[in-house]
Amino acid sequence: MNGNTPYGGAPGVVDAGKRSTDVELTQDQRQSLQSAVAGIVSQTRSYLPDSYTVGSELSYGSNGPTATVAVRPPAGHPVSAGFTPDLDDLETGIGADERDEVARGLAASAALQVMDAVGDGITPTAR
């Protein structure tokens with residue numbers, strides 16, 4: 001029965017009897033996560049034209065803090081990448097390679113959504 005209540009805690013993350021939102025980030029951890037997410041948003045924007053909207057959200061999930069970066073292309077479905085960083089990684093910072101990989105993947109997925117939405121029916125304006 002303990003697993004059926006919101007007070008059971010997530011296995012391996014919080015102790016039983018505590019809500020998962022009781023896992024609080026220190027000020028330094030929060031700033032590190034915000035900085036990493038802002039870097040991903042900025043880098044994703046640099047890969048895309050202005051008609052794409054890029055945003056982010058920080059929240060607490062069942063496994064602790066969760067960061068989500070999303071892109072809304074001018075046509076097609078929005079794409080997003082969410083990750084739950086390890087608290088130890090927040091102390092050292094999320095690596096530039098990881099941030100770059102997420103930004104490139106989001107930009108490519110958003111561009112693919114536009115290509116899928118538009119299809120092959122576009123008449124070229126020049127040859």
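**View A. Asp100 counts as buried, at 19% relative accessibility, and forms a salt bridge with Arg104.** The model shown is predicted, so that local features need pLDDT of at least 70 and side-chain atom pairs count only at pLDDT 80 or more, whereas totals for chains, interfaces and linings use all residues. Residues are numbered from 1 along each chain as its sequence is written, and side-chain values use heavy atoms, with hydrogens and water left out. Buried means under 20% relative accessible area, exposed means over 50%, and partly exposed lies in between, with a 1.4 Å probe and protein chains only. In the salt bridge (a side-chain nitrogen of Lys or Arg within 4 Å of a carboxyl oxygen of Asp or Glu), the closest N and O atoms of Arg104 and Asp100 are 2.9 Å apart, and by this rule the count comes to one salt bridge. Arg104 and Asp100 are separated by about one helical turn, because the two residues stand four apart in helix 3.

**View B. The protein chain contains three helices and three strands.** Helices (H or I, at least four residues) and strands (E, at least two residues) are DSSP runs, numbered from the N terminus, and along the protein chain these elements follow the order α-β-β-β-α-α. Of the 127 residues in the protein chain, 28% are buried. The accessible surface of the protein chain, from the Shrake-Rupley method with a 1.4 Å probe (for residues, only the protein chains shown count as cover), comes to about 8200 Å², and 48% of it belongs to carbon and sulfur atoms. Among contacts (heavy atoms within 4.5 Å) between residues at least 6 apart in sequence, 50% join residues at least 24 apart.

**View C. The largest nonpolar core has 20 residues.** Such a core is a set of buried Ala, Val, Leu, Ile, Met, Phe, Trp, Tyr and Cys residues joined through side-chain atoms within 4.5 Å. Leu33, Val37, Val69, Val71 and Phe83 are the residues with the most contacts inside this core. Two or more residues each are given to this core by helix 1 (27-47), strand 2 (64-72), strand 3 (79-83) and helix 3 (96-118), and helix 1, with five residues, gives the most. Once neighbours within four places in sequence are left aside, Leu33 is in contact with Leu25, Leu58, Pro65, Ala67, Phe83, Pro85, Leu90 and Ile94. In soluble globular proteins, nonpolar side chains tend to be buried together.

**View D. The buried residues of helix 1 are Gln29, Ser32, Leu33, Ala36, Val37, Ile40, Val41 and Thr44.** These residues lie on the same side of helix 1, because they cover an arc of only 170° around the axis, the arc being that of the directions from the helix axis to the C-beta atoms. The exposed residues Gln27, Asp28 and Ser46 are carried by the face of helix 1 turned away from its buried side. With 21 residues, helix 1 reaches 31 Å from its first C-alpha to its last, close to the 30 Å expected at 1.5 Å a residue, where the expected span is 1.5 Å times one less than the number of residues. Ser42, also found in helix 1, is partly exposed, with a relative accessible area of 47%.

**View E. In helix 3, the buried residues are Asp100, Ala103, Leu106, Ala107, Ala110, Gln113 and Val114.** What covers these buried residues includes helix 1, strand 2 and strand 3. Helix 3 has 23 residues and reaches 33 Å from its first C-alpha to its last, close to the 33 Å expected at 1.5 Å a residue, and is followed by Gly119, whose phi is positive, near 75°. Gln113, in helix 3, counts as buried at 19% relative accessibility; with neighbours within four places in sequence left aside, Gln113 is in contact with Pro73, Ala75, Gly76, His77 and Val79.

**View F. Asp100 and Ile40 are 7.0 Å apart in space, C-alpha to C-alpha, and 60 residues apart in sequence.** Apart from its neighbours within four places in sequence, Asp100 is in contact with Gln43 and Tyr47. Ser42 and Ala103, 61 residues apart along the chain, have C-alpha atoms separated by 8.5 Å.
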